[in-house]
Number of protein chains: 4
Amino acid sequence: MPASYAYLGPEGTFTEVALRTLPEAATRELIPYVSVQSALDAVRNGEAEAAFVPIENSVEGGVTTTLDELVAGKPLMIYREVLLSITFALLVRPGTKLSEIKTVTAHPVAQPQVRNWLRAHLPDALWESAASNADGARLVQEGRYDAAFAGEFAAERYGLEALETGIHDAENAQTRFVLVGRPARPAAPTGADKTSVVLWQNDDHPGGLRDLLGEFATRGINLMLLQSRPTGAGIGNYCFCIDAEGHISDRRVAEALMGLKRICRQVRFLGSYPRADVEPGETVGPTLPGTSDEEFVAASDWVARCQDGRF
Amino acid sequence: MPASYAYLGPEGTFTEVALRTLPEAATRELIPYVSVQSALDAVRNGEAEAAFVPIENSVEGGVTTTLDELVAGKPLMIYREVLLSITFALLVRPGTKLSEIKTVTAHPVAQPQVRNWLRAHLPDALWESAASNADGARLVQEGRYDAAFAGEFAAERYGLEALETGIHDAENAQTRFVLVGRPARPAAPTGADKTSVVLWQNDDHPGGLRDLLGEFATRGINLMLLQSRPTGAGIGNYCFCIDAEGHISDRRVAEALMGLKRICRQVRFLGSYPRADVEPGETVGPTLPGTSDEEFVAASDWVARCQDGRF
Amino acid sequence: MPASYAYLGPEGTFTEVALRTLPEAATRELIPYVSVQSALDAVRNGEAEAAFVPIENSVEGGVTTTLDELVAGKPLMIYREVLLSITFALLVRPGTKLSEIKTVTAHPVAQPQVRNWLRAHLPDALWESAASNADGARLVQEGRYDAAFAGEFAAERYGLEALETGIHDAENAQTRFVLVGRPARPAAPTGADKTSVVLWQNDDHPGGLRDLLGEFATRGINLMLLQSRPTGAGIGNYCFCIDAEGHISDRRVAEALMGLKRICRQVRFLGSYPRADVEPGETVGPTLPGTSDEEFVAASDWVARCQDGRF
Amino acid sequence: MPASYAYLGPEGTFTEVALRTLPEAATRELIPYVSVQSALDAVRNGEAEAAFVPIENSVEGGVTTTLDELVAGKPLMIYREVLLSITFALLVRPGTKLSEIKTVTAHPVAQPQVRNWLRAHLPDALWESAASNADGARLVQEGRYDAAFAGEFAAERYGLEALETGIHDAENAQTRFVLVGRPARPAAPTGADKTSVVLWQNDDHPGGLRDLLGEFATRGINLMLLQSRPTGAGIGNYCFCIDAEGHISDRRVAEALMGLKRICRQVRFLGSYPRADVEPGETVGPTLPGTSDEEFVAASDWVARCQDGRF
C-alpha cells in the first residue's frame, strides 16, 4: 500500500496547493476528504498516514473545526506546518462581465477576506456559502452562481476565467496549514521550532490563566497562538490551544510543560515541529538570560552536586 | 419615530426568542437584519437604537463575526446580555419520515451542536449550510432540502413539523446574546456585573499577555471569556476580547482598566452590564482580600493623609 | 527657643560630620544624644525639631537600632538623607608606635570595616567595644586602651595623633544618615526621590512577600533597601523596611502604596525625600513604559470617560 | 583525635546550653571560641568537625556576624538547627540589692531583650556592653559592674546570685543556633526540613527580587527567613540569605534552586536540614496543588513520553 496523505478537499483548493509545497507530498498519494473531520478520522483509523488541514488564518484566526478535532478524540500530533499567502481570484464563466454578476459564492472563511472588495465592486451581489472554494467554482461552472472567489489556480480546472486576481482585504493574508499524524517521536529540533499544546485549567479562579501563561513567561517562551475553545461543559468553560516557541526537547520548553502538567487539570501535547515563518537554517534562540539549554544543564548539575555535598 | 431594536434575523430564530425575553423589547419595534454586520451598522448610523446579536455559545465559543464587528469601526457598547438554552428540533414537511431524509440544512453554527445526533440517526444525509436556521426551515418548506435543524418555534411559521425535538450534542448548550448600542453611561452596577474590553498588546515579548492578565489577577478579578481575534496585521497578530467580573465603577475594575490602558497599545471599552448567569438581586462580590471598594477607598484615603503629613 | 537637631553623639563622630553637611544644620542648635533611641525620643516628645542618625552602611547593612525605632512607637518621618564616605584613622596617644598597641577600641559597627586591616597589621591586639568611635578616642586619651579607630577629625579634639589614616576594608565604604522628624507634608518631589515604608504581611503563605514586591515591580519601581526586622511575635516573624524609588506624589508610587495598604496587615509610611546618591538637579524618571505620571493621568482620564459614556 | 565541635564561647552561655541539647554533642569534645569567626575558621581549617553558632533570634533578627561568615569565604554547610527559648536572669554578687545597682552589662544582643525591663526597674543604671553574657557575669564577679544579664545557669559558675529570673521583653523570645560543617551530602529528608541559600541578583532592575522569590512562590515553597546582607560592593548592594521550606531532595525545592541558579549571578547552597520548630516525626508537606514529589515525577514522566511519541 502506498503511503497516503489525506487533505481537506476538494482538489484545486488552497489546501492542496499548500500541501504540494511539502517535499514529502511528492512521494505520497494525496487523497481529498470532504471535511477536516473526515480527513483526521482517516488518520485516526489508519486509512491515511497523515492529514493536511488548515489551522489558522490571518483573517479568521484559529480554524475552529481543526482545533476542536485536535482537542478531543484519539490523540493526534502535528508533524509539520506550511504558511501560504492567500489572494483570491474572482472566477466566472468565460465572457461574464462584472456588471452581470448577481450572485457570488465561496467557502464562508473566504467571506471576511473579500468583504471590502465586494462592498466596493459588487455591493448588490448576493452571497451564498459553498462547501469549499473549489466547490464554489464548480457551482459557477454548473451555472448555479455567477461568480466564485477561489485561488486563481482553480480557473483552469473548472473552465472558468479570472475576472480579477489578487483580491484580499488584508495585507499579508496568510493561512497556516498543518500535517497531522498519529503520535510519534517529534522531528529533531531545528533551532527554530514551535510546540503546540492544549490546556485545561484545574479550576476557575482569579489568576488561573495568568499562572498558566507564567509557566511560559518565566522561561522566556514567546506564545504565537492562544485560542480558547469551549470544553463542552457549558458556556464560559474553555480550554486553551497554545502555540509556543521552542521544541519539547529544549530544556526550557520541557520544564514549562512539566509545570503545566502539574497545575493543569489536563494537558494535551500536540507536537513540536519546525516553524514555517523562519528560513530553514536560521535559528531563533532563547533571548531571556538563564533559559538556554546550557544554563539549564549547568543549573541541574549544580543542584546534583549540592545534593551530593560536592560544592 | 418609535425606538427600534435591530436584531440578527430572519424572524423565527433563537435570536428573536432571546430578544423577546428582555422587558424593554416589548416597547420597541424589532427589526430583523440579514447579518450581524448590518444590524450593528444600523446602530452605528442611527437607524436603530440598539442591536441584538449572538456573541458566544457553549459549543462554538465566541461568535467571531460579532466580536470582529465590536473590535473595529465606530465604538459600540454592550448594554445587556441574555442567555438562552439551545436545543434543536428536526423540522420536515408534514409526513416526511426519518428514512426519507437525504439532505439536511441549518446555520453553520448549528452543525457542531447536532453533529453526533446526525452521525447516529442520519449518517448518510448530506449537510448544506443555510444563512440562518430560519432560512433553512424556509428552504425545507420550499422543497430544496428534506429537513432543517431549527428551534421548535420555527415549525409553525414555516408549515413544518418537528420530527424530533430536544436535539443537542452538548448538555447545557447555551447561547449568549448581547444588546449593543452607542457609547453611553453604563447601567448602574447591580452587584453582579461583567465588563467587556478588547486589548491590543504593546509589543510581542515573552510574558506580555501574562502581564495583561496580571492586571486582573492581582485585583482578584475573574475572567469569563478570553477570545483572541486577528488584528489584520498578519498571521500571529491577535487582540484579545475579554469579559471580566465586575463593573467599571468598581474600584478594582477601574484600577485594572487603568493599568491595562497604561501598558497596552490600545484598549477598547465595550461596556459594563448585569450578568445574565446570576439571579437578579444576588451579588457576586470580590473574594480576594483587599479588593473591595471599601478597602480601595481606605487605601486611597491613607495615601492622601500620608501625602499631607497627617499620619 | 532656638530650633534644635538631636544627633547620635558624642561630638566628633561621623554622624556629626555628616549632619554638618546639611545647610539647615548651620541654623540649628546641634545636640548630641547618647543613643539613637534617645535622639529619636527627643523628637517624639518635642525636645528637638528633628534627629540625625545613621540608618544604613555599606558594610553592616541596615542599622537595626534605627530601623527598630522607626518601625515601632509614635510615627516619625524621614525628611532628608546624607551619604558619607567612611574611612578610619587609627588614633593613638602621641608617640605610641604600632608595635606597642595591645588593645584597640571603637564602636562595634566599625569592627567589620577594619577587620582585615587589623588581621594584617595588629593580629594580636585585643578588641574591646566602645559606645561610640568618639568615646573610644576618649578612652584612649584616658589611657584605658592603646588605640581607637575613629574619624581623623577626632584626633584633635582628644589630643591624639593619627598613626594611620584611610583605613577601610571595603572600597566605597559609606554610611547613610537620615534626618528624622515628626509627620509632616513630605518635601516636594525633586525628580530623584526615595520613599521609605515598613510592611507587615497579612499572613504567611507561599508567595506573600513576592506579591508585596509585585506592587512595586509591576509599576517599574526599583527597590534600594529591603531589610527584614523581627516583629516581636516570635522567631520567623518579620516586617520589611523598604526604600523604593520615587516620591509619594508620583502616581506610580502612590498607587503602589495603595496596593500595599490593601493587601498588608499594616503599612507604615516613613517619608519621601531627595536621594543623596543623585546630583541635585539630575532626575531619575520611571523607565518602565506606562509608569510616568502623564500615562497614569491619561489612563485615569480614559476610565473616567468610559464611566461617563464619552468614548 | 576525638571529633570536636567548636562553639561560640565562653562556657556558660546560651550557646553552650543549646549545643548540649544535640545528642551528638555528648560524644564530641566541645571547644569554646572567642568569636563566631574563629569558630567557623576552626571548621574551615580542619581543627573542628563542626561549629555551633547563633544565627537568628526573635528580637534582633538574623545574626549578621554568622550570616556574613557563611556568605563569604570557603563554603560551609548547615547540618542542624536548634531553637532555644531565651530568658535572662539579673545576676549580682550575693547580697546586692536592686537599689544598689548602678551599672549593668551583657552582650549587646541582650540589650533589646531586656530594654523595657531596665526602663521599668533600673531606669538610671548605666549599660556597658560585654563580649558575651558569660563574660559580663565574670566582670560582675570581678566587681567591675554591679549586675549582668545572663542565663540563670551562669550564676553558679561565677559565684553570683539571680536577683530576678525570667526577664524577657518579648514573649516567645527564642534564639536559633546552627551546627555548621564542611560541605557534605545533606542529611536525609525527614518530611519537615528547611533549605538555606544565599542569592546574588544578576543585576538591579525593577522586579528582580520579586522574580527570585517567584521561583519559590510558584512551587508553593514558604520562606522562613529573608535577610539582606551587604555584598561589599558599596551601599545599596545586597545579597539575600533565605531559609525556605523543604529539602533539596524534594523535587519542588530542587527545581526552584535550579531556577535561581539560572537567573542569579550567584547562588550559594547552605544546606538542607531538619526543622527544629516541628516535632520529630511530624511532616510538613507541600500544600499547593501540583507541587508534591509524586506530581513532579508524573509530570516528568509525561514529558518523557511526549518526547518519545508515546502519548
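This is a predicted model: local features need pLDDT of at least 70, side-chain atom pairs count only at pLDDT 80 or more; totals for chains, interfaces and linings use all residues.

Me: How much area do chain D and chain C bury between them?
Reply: About 3500 Å², with 50% of it on carbon and sulfur atoms. On the chain D side, D:Pro206, D:Arg210 and D:Ile235 lose the most area to chain C. Together they make up 19% of what that side buries.

Me: And how many residues does each chain bring to the contact?
Reply: Chain D gives 51 residues and chain C gives 50 residues.

Me: How many salt bridges are found across that interface?
Reply: Three. One of them pairs C:Glu69 with D:Arg115, with the closest N and O atoms 4.0 Å apart. There are also six residue pairs in polar contact between the two chains.

Me: Which element gives the largest share of the chain D side?
Reply: β13(D), with eight residues. By type, the chain D side splits into 17 nonpolar, 21 polar and 13 charged residues.

Me: New topic. Where does B:Ser272 sit?
Reply: In strand β15 of chain B, residues 264-274.

Me: Is B:Ser272 buried or exposed, and why?
Reply: Buried, because its relative accessibility is 1%, and the cut-off for buried is under 20%.

Me: What does the side chain of B:Ser272 make a polar contact with?
Reply: The side chain of B:Thr195, at 2.7 Å. The B:Ser272 side chain also reaches the backbone nitrogen of B:Ile248 at 2.9 Å.

Notes:
Residues are numbered from 1 along each chain as its sequence is written. Chains are lettered from A and ligands numbered from 1 in the order in which they are written. Side-chain values use heavy atoms; hydrogens and water are left out. Contact means heavy atoms within 4.5 Å. Buried area is the accessible area (1.4 Å probe) that two parts lose on being put together, summed over both. A salt bridge is a side-chain nitrogen of Lys or Arg within 4 Å of a carboxyl oxygen of Asp or Glu. A polar contact is a pair of N or O atoms within 3.5 Å; within protein, one must be able to donate a hydrogen and the other to accept it, and residues adjacent in sequence count only if both atoms are side-chain atoms. Helices (H or I, at least four residues) and strands (E, at least two) are DSSP runs, numbered from the N terminus. Ala, Val, Leu, Ile, Met, Phe, Trp, Tyr, Cys and Pro count as nonpolar, Asp, Glu, Lys and Arg as charged, and the others, Gly among them, as polar. Buried means under 20% relative accessible area, exposed over 50%, partly exposed in between (1.4 Å probe, protein chains only).
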